Amino acid sequence: MFKKNKGFTLIELLVVIAIIGTLSGLVLVSLGGARSKARDVARQSDIRQIAAAMELQYSDDGEYPVITAGTAPTAARIANVDITPTYLKPWPEDPGGGDEDPCNKTKGAYCAFTSPVGGDYCIFAALENGDWFTTSDSGVSTLDAAPTVLGTCK
């Protein structure tokens with residue numbers, strides 16, 4: 001009688017490994033866009049939380065907290081600050097990590113303009129899809145270009 005071999009041949013195993021490798025490569029490529037969108041959603045959520053904290057602070061004190069940030073046309077990065085310690089602690093950090101000078105580039109941390117006397121504010125972040133998400137004393141909005149002065153944050 002003939003002895004029947006059990007198992008897979010080397011060719012069969014190589015074909016299966018090649019198919020699995022191709023499929024996993026396609027999945028990883030498609031997840032890159034999803035990660036970018038998830039970071040943008042996190043930035044928008046953080047900006048909305050900042051807006052809510054600023055409004056709660058305004059309802060308690062009758063004025064917005066003073067943000068130590070840049071004055072137009074130079075924005076300043078704001079992070080790890082206690083602007084509204086009662087309502088927002090710790091300060092949210094950008095999910096992408098940011099870069100050296102994020103406020104004047106196309107991605108990075110949360111940035112702000114303030115008026116010289118305080119009170120008015122513009123806090124914004126660059127989204128990875130090219131838009132800018134902002135909050136100010138008039139609410140949150142999405143812009144096509146980076147805010148350059150307090151009035152353009154609306």
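S36 sits in helix α1. This is a predicted model, where local features need pLDDT of at least 70 and side-chain atom pairs count only at pLDDT 80 or more, while totals for chains, interfaces and linings use all residues. Residues are numbered from 1 along each chain as its sequence is written, and side-chain values use heavy atoms, with hydrogens and water left out.

**Helix α1**
- Helices here are DSSP runs of H or I with at least four residues, and strands are E runs of at least two, numbered from the N terminus.
- S36 is buried, because its relative accessible area is 17% (buried means under 20%, exposed over 50%, partly exposed in between, using a 1.4 Å probe and protein chains only).
- The S36 side chain makes a polar contact with the side chain of E128 at 3.2 Å; such a contact is a pair of N or O atoms within 3.5 Å, one able to donate a hydrogen and the other to accept it, and residues adjacent in sequence count only if both atoms are side-chain atoms.
- L26 also belongs to α1, which covers residues 10-61, but L26 is exposed, with a relative accessible area of 55%.

- In β3 (residues 121-126), 6 of the 6 residues are buried.
- Y121, I123 and A125 point one way from β3, and C122, F124 and A126 the other way.
- In a regular strand, side chains alternate between the two faces of the sheet.
- β3 pairs with β4 (residues 132-136) in the antiparallel sense over 5 bridges; pairing takes at least two DSSP bridges.
- I123 stands opposite T135 in β4.
- The two strands, β3 and β4, form a hairpin with 5 residues between them, and G130 in the turn has a positive phi of about 100°.
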